[in-house]
Amino acid sequence: MGARLRVAEIPAIVLIALAVAIPTALAPLYTLAAVAIAVLLGLVVFNAPALLVLLVAAFPWDDMLGFPTETVSIVKLLGALLLVGYVLRALARDEDVRLPPTVAALVAFTMLVLLSLMLSGDVDSGLNKTLRYLLFAAFTFLVVQLVRTRADLVVLLRVLVLSATAAAIYGTVLFITGRVDRVSGPIGEANDFAYVLAAVLPFAVYLVARGRRFRPLWIVACALLIGALLGTLSRGALVGLAAVVLWAVATRRVRIAGVLAGAVVVAGVVL
């Protein structure tokens, strides 16, 4: 019975082999693209959190992933797939929608952005930035729904910090070799890249404080992020980061000793 079953499987195996081999030989690039799409669809259907991790990793490389077009980029496509994946997951598991206080603040902010667009004199020029804010709001909502445990959150933070550190290294190398006047990395505008680095840096500091196992790695990541941030020459990002430090000290989330240690690291990077 077992031998007959194997013989019966031979035609199916041959058909599968031909279906893979022929497209690969005739059009390898299209075949790879089809495989990538199939993997993404699999992530959408079966594992939305994995797609969330992929989207977080791609975020610091936004401009370099601006295809097939700048308007419809890989990051936006991943976001759309993530939304579909969340809906499928919620329907399959009958999950309740989580509405913490941050969601209320997010809705209020989104309404203010839309109101600002309606009252602006130039709707066309503001539409692109409004769409970006709406995508950020949707992403925040999806993170709240999909991240259920502290372990999931730590994984996202690690991926984001590592990806941003790699982007910082890339931008710093371009700056040192004289290809750019300011560190901008894979995000073309130096100020936008600075805002990304300034937003990621507190997470790197958190990993230094909480992660004993990989602490040297996160310390190096902090130094690289600070160096790239200073290379952007963005005053706004530095002011925002200083405000975060003052808030952390005022709320006793960070000790003065930690701030002094961070100042020493910054001074070392500057020197």
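1. A residue is called partly exposed when its relative accessible area falls between the two limits of under 20% for buried and over 50% for exposed. Tyr133 has a relative accessibility of 43% and therefore counts as partly exposed. The model discussed here is predicted.

2. As to overall architecture, the secondary structure of the protein chain comprises 11 helices and 0 strands. Read from the N terminus, the elements run α-α-α-α-α-α-α-α-α-α-α. Of the 271 residues in the protein chain, 27% are buried. The accessible surface of the protein chain amounts to about 17500 Å², and carbon and sulfur atoms account for 72% of that surface. Where contacts in the protein chain join residues at least 6 apart in sequence, 67% of them connect residues at least 24 apart.

3. Phe59, Phe109, Tyr133 and Phe136 make a nonpolar surface patch of about 370 Å². Phe59 belongs to the loop between helix H3 (48–58) and helix H4 (74–93).

4. The structure holds 4 aromatic pairs. One of them is formed by Phe59 and Phe136: the ring centres are 5.8 Å apart and the planes stand at 75°, so the pair is edge-to-face. The assignment follows because planes over 60 degrees apart count as edge-to-face. This pair links distant parts of the chain, with Phe59 in the loop between H3 and H4 and Phe136 in helix H6 (residues 123–146), 77 residues apart.

5. How exposed are Phe59 and Phe136? Phe59 has a relative accessible area of 30% and is partly exposed. Phe136, with a relative accessible area of 36%, is likewise partly exposed.

6. Phe109 and Tyr133 also form an aromatic pair with edge-to-face geometry, at 5.7 Å centre to centre and 80° between the planes. Phe109 lies in helix H5 (residues 101–119) and Tyr133 in helix H6, so this pair ties together parts that are 24 residues apart in sequence. Phe109 is partly exposed, its relative accessible area being 40%.

7. In summary, the nonpolar patch made by Phe59, Phe109, Tyr133 and Phe136 contains the edge-to-face pair of Phe59 with Phe136 and the edge-to-face pair of Phe109 with Tyr133. Phe136 and Tyr133 both lie in helix H6, whereas Phe109 lies in helix H5 and Phe59 in the loop between helix H3 and helix H4.

Key. Residues numbered from 1 in each chain as written. Predicted model: local features only at pLDDT ≥ 70, side-chain atom pairs only at ≥ 80, totals over all residues. Heavy atoms only, no water. Patch = residues over 30% accessible without salt bridge, like charges linked within 9 Å, V, L, I, M, F, W, Y side chains within 5 Å. Areas by Shrake-Rupley, 256 points an atom, 1.4 Å probe, with all protein chains shown as cover. Salt bridge = Lys/Arg side-chain N within 4 Å of Asp/Glu carboxyl O. Helix = DSSP H or I, 4+ residues; strand = E, 2+ residues; numbered from the N terminus. Phe/Tyr/Trp six-rings, centres within 6.5 Å; stacked < 30°, edge-to-face > 60°. Buried < 20%, exposed > 50% of the residue type's maximum accessible area, 1.4 Å probe, protein only. Contact = heavy atoms within 4.5 Å.
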